[in-house]
Amino acid sequence: MTAAGKQAVVTGGGRGIGRAVAAALTRAGHEVTVLGRAVPALEATVAAGEAARWISVDVTDEAALAESLGGLDVDVLVNNAGIADSAPFVKSDLALYRRLMAVNFESVVVATRAVLPGMIGRGFGRIISIASIAGLKGYPYVTAYCASKHAVVGLTRSLAQEVARTGVTVNALCPGYVDTDLVHDGAARIAAKTGRAAEDITADFHKHNPQGRLIRVEEVAGAVVWLAGADAAAVNGQAIAIDGGET
Ligand code: NAD
């Protein structure tokens, strides 16, 4: 397989990890569609030559997400869209769990169901979900986020077994703290709640990684390009940590 002509879709592809993934897949020769909510960011990604086209969809809108993907012959699906609200467990009501599960997990189910029959029919497919190190271990104050990412890892491991003989692989990437707005906005929110300096909170994030730094978006994107390629055909059902050795 060469990447040329392979159709890739990246959810939440207008910024952060998703945009870096779109750019890297485009550079590798894939024809990339970025899908998300924020139209200006999606337009900017296409204008920069980092994707071929964009589609505006909220991934929690089941019908719209399924319909937008159903019309494409998707070879590589990157389930990246996600949110990371935090709260102590006793202040985490069911609405928080439902919101995180809808964005981080149910969208993976809906998008994967929309593209999988076509992949199986063509005998090739790559489902790659950006889970998190929070899909492999626990952290305080993020029970809902951790539960949603553990769910993505569980789905990945199970579906990989189910489709193992079809030419489709299903894998998850599990980054530690990555240098994106999601992490910096999170630090700002914690600072506002606790009165601590945002820089001190970011410094704590660095300490989780034995390499003492945040992960770069390109380090996640490189793993996606590898998983999307022919040489990763035997990699299936994995939850690969990209965390500097934290797990
Ligand atoms: P980000 O906030 O920069 O980007 C998230 C993207 O998802 C945005 O483009 C946003 O518009 C999109 N999105 C969110 N809700 C959506 C919805 N309902 N419909 C459509 N699009 C929606 O965050 P990021 O850091 O780039 O994170 C990307 C993924 O990586 C997420 O799933 C996140 O959980 C995961 N992740 C991030 C880190 C980190 O430290 N940044 C670590 C591990 C895993």
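**Chat: the ligand site and some charged pairs**

Trainee: Starting with the ligand, how far is one of its nitrogen atoms from an N or O atom in the side chain of Asp-58?

Mentor: That distance is 2.9 Å, from a ligand nitrogen to an N or O atom of the Asp-58 side chain. Keep in mind that we're looking at a predicted model.

Trainee: How much of the ligand's accessible area does the protein cover?

Mentor: The ligand has 820 Å² of accessible area on its own, and the protein covers 95% of that.

Trainee: Which elements give two or more residues to the shell around the ligand?

Mentor: Three helices do: H1 (16-27), H5 (143-162) and H6 (181-194).

Trainee: OK, and which residues come nearest to the ligand?

Mentor: There are 25 residues around it, and the nearest are Arg-15, Asn-80, Tyr-145, Val-178 and Thr-180.

Trainee: Switching topic, how many salt bridges does a search of the whole structure find?

Mentor: It finds 12. The general idea is that side chains of opposite charge can pair when their charged atoms come close.

Trainee: Give me some cases. Which side chain meets Arg-196 in a salt bridge?

Mentor: Asp-204 does, at 2.8 Å from N to O. The Asp-204 side chain also meets Lys-207 in a salt bridge, this time at 3.4 Å.

Trainee: Where do Lys-207 and Asp-204 lie?

Mentor: Both are in helix H7 (residues 198-208), and they're 3 residues apart, about one turn of the helix.

Trainee: Is Lys-207 buried or exposed?

Mentor: Lys-207 counts as exposed because its relative accessibility is 64%, and the cut-off for exposed is over 50%. Asp-204 is at 27%, so it counts as partly exposed. Arg-196 gets that label too, since it is at 38%.

Trainee: Which residues are linked in a network of salt bridges?

Mentor: Arg-213, Arg-216, Glu-218 and Glu-219. Arg-216 is partly exposed at 44% relative accessible area, and Glu-219 is partly exposed at 24%.

Trainee: New topic: where is Thr-169 found?

Mentor: Thr-169 is in strand E6, which runs over residues 168-175. With a relative accessible area of 5%, Thr-169 is buried.

Trainee: What is Thr-169 in contact with, leaving aside neighbours within four places in sequence?

Mentor: Thr-169 contacts Gly-125, Arg-126 and Ile-127, along with Ala-233, Val-235 and Asn-236.

Trainee: Last one, Gly-71. Where is its place?

Mentor: In the loop between helix H3 (62-70) and strand E4 (76-79). Gly-71 is at 69% relative accessibility, so it counts as exposed.

Trainee: How far apart are the C-alpha atoms of Gly-71 and Ala-223?

Mentor: They're separated by 27 Å, and the two residues are 152 residues apart along the chain.

Key: Residues are numbered from 1 along each chain as its sequence is written. This is a predicted model: local features need pLDDT of at least 70, side-chain atom pairs count only at pLDDT 80 or more; totals for chains, interfaces and linings use all residues. Side-chain values use heavy atoms; hydrogens and water are left out. A residue is near a molecule or strand if one of its heavy atoms lies within 4 Å of it. A polar contact is a pair of N or O atoms within 3.5 Å; within protein, one must be able to donate a hydrogen and the other to accept it, and residues adjacent in sequence count only if both atoms are side-chain atoms. Accessible areas come from the Shrake-Rupley method with a 1.4 Å probe; for residues, only the protein chains shown count as cover. Helices (H or I, at least four residues) and strands (E, at least two) are DSSP runs, numbered from the N terminus. A salt bridge is a side-chain nitrogen of Lys or Arg within 4 Å of a carboxyl oxygen of Asp or Glu. Buried means under 20% relative accessible area, exposed over 50%, partly exposed in between (1.4 Å probe, protein chains only). Contact means heavy atoms within 4.5 Å.
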